[in-house]
Amino acid sequence: MEPIRGPHWLILRRKYLLAILGLLLFLLALRVLSGGLAPEPEIAPEQLLAEALEKTATSKSFRYQVEARLGRDGVLSRVEGERQAPDRIHIKGTMYNNPVEFIQVGNTTYMRDLWTKKWLTMEGNRLAQSELFVAEFNPLGFLKFKDALGVRYRGKEKSKEGQMLVLECQPLLDNSYLELKYTDYYCKLWIDPEDHRIRQAVLEAKGPGNTTGLSVGLKLWDFNREMNISPPV
């Protein structure tokens, strides 16, 4: 015989259902706020990556901060710079534990002497074009991909500039020196959702024997701003 269930039972059942529904909504909101759910962007990740690389590379000017590490602790360089198309660069920081400052204007490179603090002049821009210094003089050079495998959208992450779209991929670099020296590249990029330019990137690669190899961190800002990069006086 079925038990008699009156109004009190119905009220109790309704309270339980509301409690369960409230808990489910709370958990859903928590996952969204913590980035647990990653709604797809309006365009495919591969298309977003291609657009971000192109728009960033064709910017007339930008400022940047780059840090290159070798292994777990060895800092190769840590510099801040500004670059104005087509051939003006100013960087300042440390390379191989030594303070450095360079200005590149056209085919002339100016280097501040470490001891006298005077400017030395070198004709030609071979230093800036060298693949050895691609991260410092041309930080977008290590974002030149022949191809990118496994492009994945990882949702949004908050930064000082606001919410950024996050992509991950395994790039094939267009750099013969780095290709020979390192393997298994991994890249993570933070892309501005408004203009689709790259605001931050991390590139990591394995060394011989699957050891910890190269790690490059890059931050970019002040795109297409007016900059005054002139020969030192």
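1. Helix H2, which spans residues 45-57 and has 13 residues, reaches 18 Å from its first C-alpha to its last in this predicted model, and that is close to the 18 Å expected at 1.5 Å a residue. Its buried residues are Pro 45, Leu 48, Leu 49, Ala 52, Leu 53 and Thr 56. They cover an arc of only 130° around the axis, so they sit on the same side of H2. An α-helix has 3.6 residues a turn, so residues three or four places apart point the same way.

2. As for what lies against that side of the helix, the cover over the buried residues of H2 includes strands E7 (145-159), E8 (162-173), E9 (183-191), E10 (198-206) and E11.

3. The largest nonpolar core has 40 residues, and the members that touch the most others are Tyr 64, Leu 143, Leu 189, Ile 191, Ile 198, Leu 218 and Leu 220. Once residues up to four places away in sequence are set aside, Ile 191 touches Leu 48, Ala 52, Met 164, Leu 165, Leu 167, His 196, Arg 197 and Ile 198. In soluble globular proteins, nonpolar side chains tend to be buried together.

4. Turning to the aromatic residues, the model contains 3 aromatic pairs. In one of them, the ring centres of Phe 62 and Tyr 64 are 5.9 Å apart and the planes stand at 55°, so this pair is tilted. Phe 62 counts as buried because its relative accessibility is 3%, which is under 20%, and Tyr 64 is buried as well, with a relative accessible area of 0%.

5. Phe 62 also forms a tilted pair with Phe 223, with 6.1 Å from centre to centre and 45° between the planes. This pair links distant parts of the chain, since Phe 62 belongs to strand E1 (residues 61-70) whereas Phe 223 lies in the segment after strand E11 (212-221), 161 residues apart. Both Phe 62 and Phe 223 are buried, and together with Tyr 64 they form one aromatic cluster. Arg 197 lies over the face of Phe 223, at 5.6 Å from the ring centre; Arg 197 is also one of the residues that Ile 191 touches.

6. Leaving aside neighbours within four places in sequence, Ser 77 is in contact with Val 66, Glu 67, Ala 68, Thr 94, Met 95 and Glu 136.

How values were computed. Residues numbered from 1 in each chain as written. Predicted model: local features only at pLDDT ≥ 70, side-chain atom pairs only at ≥ 80, totals over all residues. Heavy atoms only, no water. Phe/Tyr/Trp six-rings, centres within 6.5 Å; stacked < 30°, edge-to-face > 60°. Buried < 20%, exposed > 50% of the residue type's maximum accessible area, 1.4 Å probe, protein only. Helix = DSSP H or I, 4+ residues; strand = E, 2+ residues; numbered from the N terminus. Lys NZ or Arg CZ within 6 Å of the ring centre and 35° of its normal. Core = buried A, V, L, I, M, F, W, Y, C linked by side-chain atoms within 4.5 Å. Contact = heavy atoms within 4.5 Å. Expected span 1.5 Å × (residues − 1). Arc of directions from axis to C-beta.
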